[in-house]
Amino acid sequence: MFGYGYGYGFGPSYLLIIIGLVISLWASWYVNHNFKKYDQFTSHHGTTGADAARFILDNAGLQDVAIQQIGGKLTDNYNPGNKTLSLSESTYGSTSVAAIGVAAHECGHAIQDQRNYLPMQLRAALVPAVNLGSNASIPLIIVGALLGMNHTLITIGIWLFALVVLFQVVTLPVEFNASGRAVSILKTGDLLDSDEVPMVKQVLFAAALTYVAAAISTALQLLRLIIIFGDNRN
Ligand SMILES: [Zn+2]
């Protein structure tokens, strides 16, 4: 999340920030609600998240990808840099349907990496620019405004913020594709029975919505910046 957009004027465009905030809060509630719900279903096969991940990775020829346990809630991730799949406490040792789904989703990212999935490569290539953009865009815009609406600084600031939006949009196919891969792997029946797959779909769909919400809320912040500062040619 990017906590920008607050604190410079309460014009009508402030509503865009409120809308983004409400969407993000709802998405966050929705994924937690779904995870909690399907975390109560122990899978019939009784495999843990970590064992399920190991099974999927080995089957995909990814014996070199390590699996580790990390702290936090829903902090599960795959790091292409060190080929490590990190599972949170609620996933690693859990035998719930939700945990298997999350573990399979992260394996989906490892398989994307193995197959040089283009949106994932694009997303990784954007990271340095996005770090710069998310740190520098708002300060540049503010300094530009303080310098009597300096057109160049404000325009650079807005374009840097647009990079952050682009990054979040490129994240969407990466996330949906990882979930798609997870569901097709789980449909083979090695780890879950067929009546358990719809539950996983529900959990992963809810998780994907948080990325959609983040993209929408950042896009609304960009729109607000354009409304406030876009017409700065004095
Ligand atoms: Zn993911």
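Here are legends for a few close-up views of this predicted model. Residues are numbered from 1 along each chain as its sequence is written. Local features need pLDDT of at least 70 and side-chain atom pairs count only at pLDDT 80 or more, while totals for chains, interfaces and linings use all residues.

**View 1. The protein chain as a whole.** Seven helices and three strands make up the chain, in the order α-α-β-β-β-α-α-α-α-α from the N terminus. Helices here are DSSP runs of H or I with at least four residues, strands are runs of E with at least two, and both are numbered from the N terminus. Along the principal axes, the C-alpha atoms fill a box of roughly 65 × 35 × 25 Å.

**View 2. Into the largest nonpolar core.** This core has 57 residues, and A53, I100, A103, A104, C107, V200 and V203 have the most contacts inside it. Among the elements supplying at least two residues each are helix 1 (14-38), strand 3 (84-88) and helix 7 (197-229). Helix 6 gives the most, with 15 residues. (A nonpolar core is a set of buried Ala, Val, Leu, Ile, Met, Phe, Trp, Tyr and Cys residues joined through C-beta atoms within 7 Å; buried means 20 or more other C-beta atoms within 10 Å of a residue's own, with C-beta atoms placed from the backbone.)

**View 3. Around V200.** Skip the neighbours within four places in sequence, and V200 is in contact with V97, I100, G101, V183, L186 and L192. Contact means C-beta atoms, placed from the backbone, within 7 Å.

Conventions:
Buried ≥ 20, exposed ≤ 12 C-beta atoms within 10 Å, placed from the backbone. Contact = placed C-beta atoms within 7 Å.
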